[in-house]
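The following exercises are to be worked through with the sequence and the three-dimensional structure at hand. Each task is followed by a solution in steps.

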Protein chains: 2
Amino acid sequence: MPLLVVGTVAIDNVETPTESRKNLLGGSATHFSLAARYFTPVRLISVVGEDFPQEHLDFFKKREIDASGLVVVKGGKTMFWAGRYHKNMNDRDSLDTQLNVFGEFNPQLPEPHQAAKFVFCANGMPSIQLNVLSQAPGRRLAVADTMDLWINHHRQDLDTLLEKIDGLVINDIEARLLTGTENLVAAGRAVQKMGPKFVVIKKGEHGAMFFGEHETYVLPAYPTDKLVDPTGAGDTFAGGFMGYIAEKDAFDAETLKTAMAYGIVAASFNVEGFGIEGIAKVTRADIDKRMAAYRQMLSF
Amino acid sequence: MPLLVVGTVAIDNVETPTESRKNLLGGSATHFSLAARYFTPVRLISVVGEDFPQEHLDFFKKREIDASGLVVVKGGKTMFWAGRYHKNMNDRDSLDTQLNVFGEFNPQLPEPHQAAKFVFCANGMPSIQLNVLSQAPGRRLAVADTMDLWINHHRQDLDTLLEKIDGLVINDIEARLLTGTENLVAAGRAVQKMGPKFVVIKKGEHGAMFFGEHETYVLPAYPTDKLVDPTGAGDTFAGGFMGYIAEKDAFDAETLKTAMAYGIVAASFNVEGFGIEGIAKVTRADIDKRMAAYRQMLSF
C-alpha cells in the first residue's frame, strides 16, 4: 500500500568529532522516505525554497519517491539545520535551525494522496501534521513523531494531535519531557493515556521500546562499529517501521514487532554514512540480510 | 558444577529519589551468589569484620551458599558503601566507600575450593583476584569484573589479570575508561586484545553486549516499571550468567548467549527490590517464567 509522509526536507550542515560536511540533503521526511521506499511506494508531502538544488529533486525521482506533493516556494529558502555531535556521538548541539519556508507551510494534498491508508507525520509543527490528517479522512493508520520544540511551545496542538493518531514515535528525551516521567516504561504508558494506541520510544544506540495494547517490549539497536553520523537515524527507523507496515497492509501485534525490527535495521544503515548516504545506497537484499543477522542475534 | 566467587561482602546505605535504607547486606559477591545459587552450588570467598551481623551469616547458610571461605576478622570492620541515586535511577554518587577488612584481605582457598572449575572474580582489588586465581590452577573458566578505582590506580595488576582470565564483565563507563574509546563496539574489541577471549559490557537499563571470538551481539534489559534500587544489578547479572554456565558445565557460544539472557533476567529481579531483596525472594521457576517471556519478547 502507498505510504504518505509529511515532514521536513532540509539542508543540513553536520559536524562529527572527526569530520564536517555542508549542504547535505536532510530533513525528517527525506530520511523517512529513503528507508520506506525499500518496502512500499512513498508519497512525500513537504516544502522547499527556490534554492533547493535540482539534483535533490532528481534524487527523489530517481529513487521513485513520489515528490508531486513537494512544493517549491518561489523566492523562498529551504529549511536549514546545523548540528555538532559530541565525542560520544549520541549527544549533539543544534547550532542553527532556520524553518524558512517550512514555517509558513500550508500543505495541500494532491487528490490521489487524499485516499492514503497509511500516513506518517514526521517531525514538524503539530498544526501542519493536523492539517495533513484532516485531508486524509480514509486513513487506517496514522502515526506521528514530534520534538522538544513542539512539546514546549505548541502543546495544545500537540495534545489535539495525540488524540487523533494511532501511534506516536518519539525518542527517550522527548518521552520524558512529554510526560515528566523519568522511567521509560512508565513514560511510554503515560503517553498511551494521551491518545495513541501504541507508542514507540527510540533510544538511539540503545534500540527502541514498544508499548501496545497488550504488550511492552524493547529491542536493541543493531551493533555497528562504523558509526559515521547519527543524523536522521530516528526518521530512518520510522521509515523502515512504517514502510514494512504499509507493505504488509497490516498492523497486528506480530506485524508491528517485525516492523520495529526493520526500523532498527534501516537505522543501522543510516548511521554508517553521512546524512542520507548510508541508507540511500543499500538494497532491499542488504536490509533483509542484516534483518536475518539481527534475528539470529536475538535467538538463543 | 560448583562455582567459586571471590568479591566483596559489605554493608550498604542506599538512597533513591523516593526512599533510603541503611545497613543493607550488600557487596559484589553477595549479589552474585544470590543469583548464581538458583543454577549451581556457590562457594563464596570474602572477608567481613567482627561487626558483621550473625543474621547475615545465617542468611547465606539458609540459602545454601557455601560461606566456609568467608573470613571473619576479629576486631575488624566490614566493608561499607553508601550511595545516592539520581532522579534517572541510572547515575549515582558514591557518598562513602570504606574498604576496611577488605583492604587487607589475603584470601586462602579452603582445599576443596582449589579444584574449582568455574571461577568468578567479582569486583575487587586486582591483586586479590590474581591471588585467588593462583590458588585455583584447575580452573576451566575464569571470569572477572573490575571498576574505575582499579583501572585508574591498580592498572599494572589489572593488566596482568586481563592476561590470565577467559572473560571480563564490565559496565559501559568502565569499558570506555579502560580503552579510551567512546564507541562500545570498538571498546569491546579493544578489551579483547588485552587478553580475555570474551568481553561482556553491561549497559544498565539498556542491557548488555557480548564480544566473542566470532560474534558480537547485544541483548536488551528486561523492561520493568518496578525500578526500586539498581544496586548490585551488574553483580546479579554476572551471577545469573556464570551460574548458568556452571550449571551447563559448558561455555560454547550457544551456552554463553543463553547465559547472557539468564544474567539479564536475574538482574531484572534485582532492581525490583532494595538491595538483595529482589533477587533473594524469587524462585528458579520465577526466573524461568520470566526467561520464557524474555525469549518471547525477542521473537518476531
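**Confidence and conventions**

Chain A has an average pLDDT of 96, and 100% of its residues score at least 70; pLDDT is the predictor's confidence in each residue, from 0 to 100. The model scores ipTM 0.89 and pTM 0.93. This is a predicted model, in which local features need pLDDT of at least 70 and side-chain atom pairs count only at pLDDT 80 or more, while totals for chains, interfaces and linings use all residues. Residues are numbered from 1 along each chain as its sequence is written, chains are lettered from A and ligands numbered from 1 in the order in which they are written, and side-chain values use heavy atoms, with hydrogens and water left out.

**Exercise 1.** Describe the setting of Ser28(B).

*Step 1.* Ser28(B) belongs to helix α1 (residues 28-36) of chain B. Helices (H or I, at least four residues) and strands (E, at least two) are DSSP runs, numbered from the N terminus.

*Step 2.* Ser28(B) counts as buried because its relative accessibility is 5%; buried means under 20% relative accessible area, exposed over 50%, and partly exposed in between (1.4 Å probe, protein chains only).

*Step 3.* A polar atom of the Ser28(B) side chain lies 3.2 Å from the backbone oxygen of Asn123(B).

*Step 4.* Not counting residues up to four places away in sequence, Ser28(B) touches Gly7(B), Thr8(B), Ala122(B), Asn123(B) and Asp235(B). Contact means heavy atoms within 4.5 Å.

**Exercise 2.** Determine how α1(B) packs against helix α8 (residues 233-248) of chain B.

*Step 1.* The two axes come within 7 Å and cross at roughly 40°. Axes are lines fitted to C-alpha atoms, for helices over the stretch in contact, and angles run from 0 to 180 degrees between N-to-C directions.

*Step 2.* α1(B) is therefore oblique to α8(B): angles under 35 degrees count as roughly parallel, over 145 as roughly antiparallel, 65 to 115 as roughly perpendicular and the rest as oblique.

*Step 3.* Among the residues of α1(B) that meet α8(B) are Ser28(B), His31(B) and Phe32(B). The residues of α8(B) in this contact include Asp235(B), Thr236(B) and Met242(B).

**Exercise 3.** Characterise the packing of helix α9 (residues 253-270) and helix α11 (residues 284-297) of chain B.

*Step 1.* Their axes come within 10 Å and cross at roughly 115°.

*Step 2.* The angle makes α9(B) roughly perpendicular to α11(B).

*Step 3.* The contact involves, among others, Tyr262(B) and Phe269(B) of α9(B), together with Met291(B) and Tyr294(B) of α11(B).

**Exercise 4.** State whether Ala259(B) is buried or exposed, and which residues it contacts.

*Step 1.* Ala259(B) lies in helix α9 of chain B.

*Step 2.* With a relative accessible area of 0%, Ala259(B) is buried.

*Step 3.* Leaving aside neighbours within four places in sequence, Ala259(B) contacts Gly240(B), Phe241(B), Tyr244(B) and Ile245(B).

**Exercise 5.** Examine the backbone of Asn100(A) and Asp249(B).

*Step 1.* Most residues other than glycine have a negative phi.

*Step 2.* Asn100(A), although not a glycine, has a positive phi of about 50°. Asn100(A) lies in the loop between β7 (92-98) and β8 (118-121) of chain A and is partly exposed, with a relative accessible area of 27%.

*Step 3.* Asp249(B), which is not a glycine, has a positive phi of about 55°. Asp249(B) is found in the loop between α8 and α9 of chain B and is partly exposed, at 31% relative accessible area.

Notes. Polar contact = N/O pair within 3.5 Å; in protein donor to acceptor, adjacent residues only side chain to side chain.
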